[in-house]
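Welcome to this structure. Here are some numbered points to read with the model open beside you.

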Amino acid sequence: MARKMDTFFLSHGSPTLSIDESVPARAFFKQWKSQVLDTIPRAILMVSGHWETSVPTVNVISGPNDTIYDFYGFPKSMYKLKYPAPGAPDVAKRVKKLLQDAGFGPVKEDKTRGLDHGAWVPLMFMYPEANIPVCQLSVQTKQDGTYHYNMGKALAPLRDEGILVLGSGSTTHNLRTVSGSNDTAPAKWALEFDSWLTESLINGRYEDVNQYDKKAPNGKMAHPWPDHFYPLHVALGAAGEKAKAELIHSSWTNGTLSYSSYRFSTPN
């Protein structure tokens, strides 16, 4: 029997990760295949904090994905980067069916949207050949963590089909507090939230994580808007009821941006 795919939550931080070699997390993403996951997936389902819709939506792309530059005022070199990974229309339709069967319908199809920077920036280091098919699933910011965890549970069968489920967001994401440089010491409130999240995940307190806005220290400070946190709930849910969490990377930039990233695995 083939091994079930683990699921992951990745903190992608600032889009400057794409060009700034001093970002500590960059080495983590570059070492993905050698240090984290040596199994090559058949396809990737990416849940990014940069795609919000009112109802679940998948991008159904035949041919290469477009590279979306959904950031403004950054160095010109960033707008020349390309990540033309093929679309995964079969996976997108499979995701749609799984979600609709679980009561998450209607699920919409977007046949023009490519990959936003929450997807292509980490993937350009993880799988630089851009030869693994990728599709994206949106988040619904008017819903809560439990909703997204249950959405992930509906997607658990993908792990038996060679599909890598990735959530891409940020463990802390309050851009109004970002300051300093890549080696600025983390703020106390950000460290408290980051530590609470890691301890809660490792100790299996997933219900607390689903209700982070009520249970976590500085929850609203860490996530004034939940878009960059809900991808974690999807990835966690997709790992199954008996999932074990592991912190696979921890670093900081700009005083309040945590790059903590997690693996979720279940026994075969």
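1. Is Phe-28 buried or exposed? Phe-28 has a relative accessibility of 7%, so it counts as buried (buried means under 20% relative accessible area, exposed over 50% and partly exposed in between, with a 1.4 Å probe and protein chains only). You will find Phe-28 in helix α1, residues 25-30. Helices (H or I, at least four residues) and strands (E, at least two) are DSSP runs, numbered from the N terminus.

2. A word on the source: this is a predicted model, in which local features need pLDDT of at least 70 and side-chain atom pairs count only at pLDDT 80 or more, while totals for chains, interfaces and linings use all residues. Residues are numbered from 1 along each chain as its sequence is written, and side-chain values use heavy atoms, with hydrogens and water left out.

3. Staying with Phe-28, its contacts include Leu-10, Val-36, Ile-248, His-249 and Ser-261, leaving aside neighbours within four places in sequence (contact means heavy atoms within 4.5 Å). Phe-28 and Phe-125 are 97 residues apart along the chain, and 9.0 Å separates their C-alpha atoms.

4. Next, please look at helix α6, residues 188-202. Its 15 residues should span 21 Å at 1.5 Å a residue, and the end C-alpha atoms are 21 Å apart, which agrees (the expected span is 1.5 Å times one less than the number of residues). Among the buried residues of α6 are Trp-189, Phe-193, Trp-196 and Leu-201. Gly-204, with a positive phi near 75 degrees, follows α6.

5. Thr-198 also belongs to helix α6. Its relative accessibility is 13%, so Thr-198 counts as buried. Not counting residues up to four places away in sequence, Thr-198 touches Leu-247 and Tyr-262.

6. Another threonine to visit is Thr-67, in the loop between β3 (57-59) and α3 (89-101). Thr-67 is buried because its relative accessible area is 13%. A polar atom of the Thr-67 side chain lies 2.9 Å from the backbone nitrogen of Tyr-83. Beyond its neighbours within four places in sequence, Thr-67 is in contact with Leu-81, Lys-82, Tyr-83, Pro-84, Leu-115 and Trp-120.

7. Some backbone angles deserve a look. Most residues other than glycine have a negative phi, and most peptide bonds are trans. Gly-105 and Pro-106 are joined by a cis peptide bond, with omega about -5 degrees, and Pro-106 sits in the loop between α3 and β4 (108-110).

8. Ala-130 is not a glycine, yet its phi is positive, about 55 degrees. Its place is in the loop between α4 (117-126) and β5 (134-139), and at 9% relative accessibility Ala-130 counts as buried. Asn-254 likewise has a positive phi, near 55 degrees. Asn-254 lies in the loop between β8 (252-253) and β9 (257-258) and is buried, with a relative accessible area of 15%.

9. Finally, which residues lie nearest the centre of the largest pocket? They are His-50, His-173, Asn-174, Leu-175 and His-228, from a lining of 16 residues. By class, that lining has six nonpolar, eight polar and two charged residues (Ala, Val, Leu, Ile, Met, Phe, Trp, Tyr, Cys and Pro count as nonpolar, Asp, Glu, Lys and Arg as charged, and the others, Gly among them, as polar). A pocket is an open set of points on a 1 Å grid over the protein atoms alone, where a 1.4 Å probe fits, with protein on both sides within 12 Å along at least five of seven lines; lining residues have an atom within 4 Å of a point.

Conventions
Polar contact = N/O pair within 3.5 Å; in protein donor to acceptor, adjacent residues only side chain to side chain.
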